[in-house]
Amino acid sequence: MPHKLTLVSAYYPSHRGGIEIVAGELASRLARHHDYQIEWFASDTDPTPQYSAVDSIRCRPQRAWNKTERALGIPFPIWPISALVELSRSIESADCVHVHDFVYPCSQAAIWLAKHHQKPLLVTQHIGCVPYQSRIARWTLASLNRIVGAISLSRANQVVFVSEAVHTYFRQFVSFRRPALYIPNGVDRNVFHPVADAVKCQLRAEYSLSSMRPVFLFVGRFVEKKGLRLLAHLAQTIPDVQWVFAGHGPLDPEAWGLPNIRVLRNVSGKSLAKIYQLADLLVLPSRGEGFPLVVQESMACGTPAIVSSETWYGCPAAKNVLLHEKCDATDSEILWQRRLETLVRAPEMLRKLGVLGAQFAMTYWDWASCVRQYASLAADLIRDRDSRIG
């Protein structure tokens, strides 16, 4: 008999954030290959995924107030009481509850309801401490992590981190009920894979990009924590590079008025894979977000990446195939500019690093292995609960 799992995330994958994309991959693969029936609660701010009957996933979109993200770029949807009543009913009849990131109000409700209904609770924590420029924002998030996070993660029957850096941060002040685990996300290699040089040239022509000048790429939300202000400086001071920004958000790169910038919106899946495949380098100076899925996707496409040193620490096994630079130094702009200027002059080194990165991604970032571990964890939690009740 299949296990019933109540899944809670702030948004659905059409929101185009890494957390919800990972939630969707895990849900679909658990339902298809590991005999789980999943009821997925998330905000109704974006189109709801459409699954067939064989997928055993029922989506339950909930009305959400989402103005903080639209105005400030800070995702923090708030659900009404009626949504929490529905969530409570689902958890009451579930065998296990799976929450992605504790910080959202809907996640907090699910964590509390899981304990109230005495259901096993699995939490996947993606994000750590975000070093916002605003002191108030930094203090608020740090306080949430050390107070609400410490309580929430200590209540979970099992906590999984997608980044070793985030794991290291939280274990300083969280008493886990079981040893927390690090499970890296997978990559869909049917979509994200390398292409031949001739295909790369064709893709550049398709997007009106020159094959004679390097292409540096950013993928993600256009918000402060992703390093947009640093990227604006780099695009201005390294004008010989064609810069492609794929994403959306309140900080619009087109507003910088630079002729070497191309902004692409509403790209995902195979269309996003093309963007990775045509680029020479993914540039992601983000902080406080664990290990972003876009880094894995880019490397799987044979495009090397340079990230913040903090992100670099998130996946120890990838350290030899991943470039990094400091983002917290007073001279970060100069450090990144010099590093990228050096890379512009080393195209052969980037190509070799891309090949090594793709080989690493193929052997290390596997969705099947990742989902097997989650299926085993959930089954263990359910068996433990049943044995205690019995």
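Reply: A crossover counts as right-handed if, with the strands pointing away from the viewer, the path from the first strand over the helix to the second runs clockwise. This is a predicted model, and the strand taken here is E5, residues 121-125.

Strand E4 (residues 96-100), helix H4 (residues 105-116) and E5 form a right-handed β-α-β unit. E4 and E5 pair in the parallel sense, with 4 bridges. Within this pairing, His-100 is opposite Thr-124 of E5.

A further right-handed β-α-β unit is made by E5, helix H5 (residues 135-155) and strand E6. E6 covers residues 158-161, and its pairing with E5 is parallel over 4 bridges. Here Leu-122 has Gln-158 of E6 as its bridge partner.

Next, the side chains. In a regular strand they alternate between the two faces of the sheet. In E5, Leu-121, Val-123 and Gln-125 point one way, while Leu-122 and Thr-124 point the other way. Both sets are buried. Because 5 of the 5 residues of E5 are buried, the strand is largely enclosed by the rest of the structure.

As for nonpolar cores, the largest has 63 residues, and Trp-243, Val-295 and Leu-340 have the most contacts inside it. Leu-121 and Val-123 point the same way from E5, together with Gln-125.

Methods: Residues numbered from 1 in each chain as written. Predicted model: local features only at pLDDT ≥ 70, side-chain atom pairs only at ≥ 80, totals over all residues. Heavy atoms only, no water. Core = buried A, V, L, I, M, F, W, Y, C linked by side-chain atoms within 4.5 Å. Buried < 20%, exposed > 50% of the residue type's maximum accessible area, 1.4 Å probe, protein only. Helix = DSSP H or I, 4+ residues; strand = E, 2+ residues; numbered from the N terminus. Pairing = 2+ DSSP bridges.
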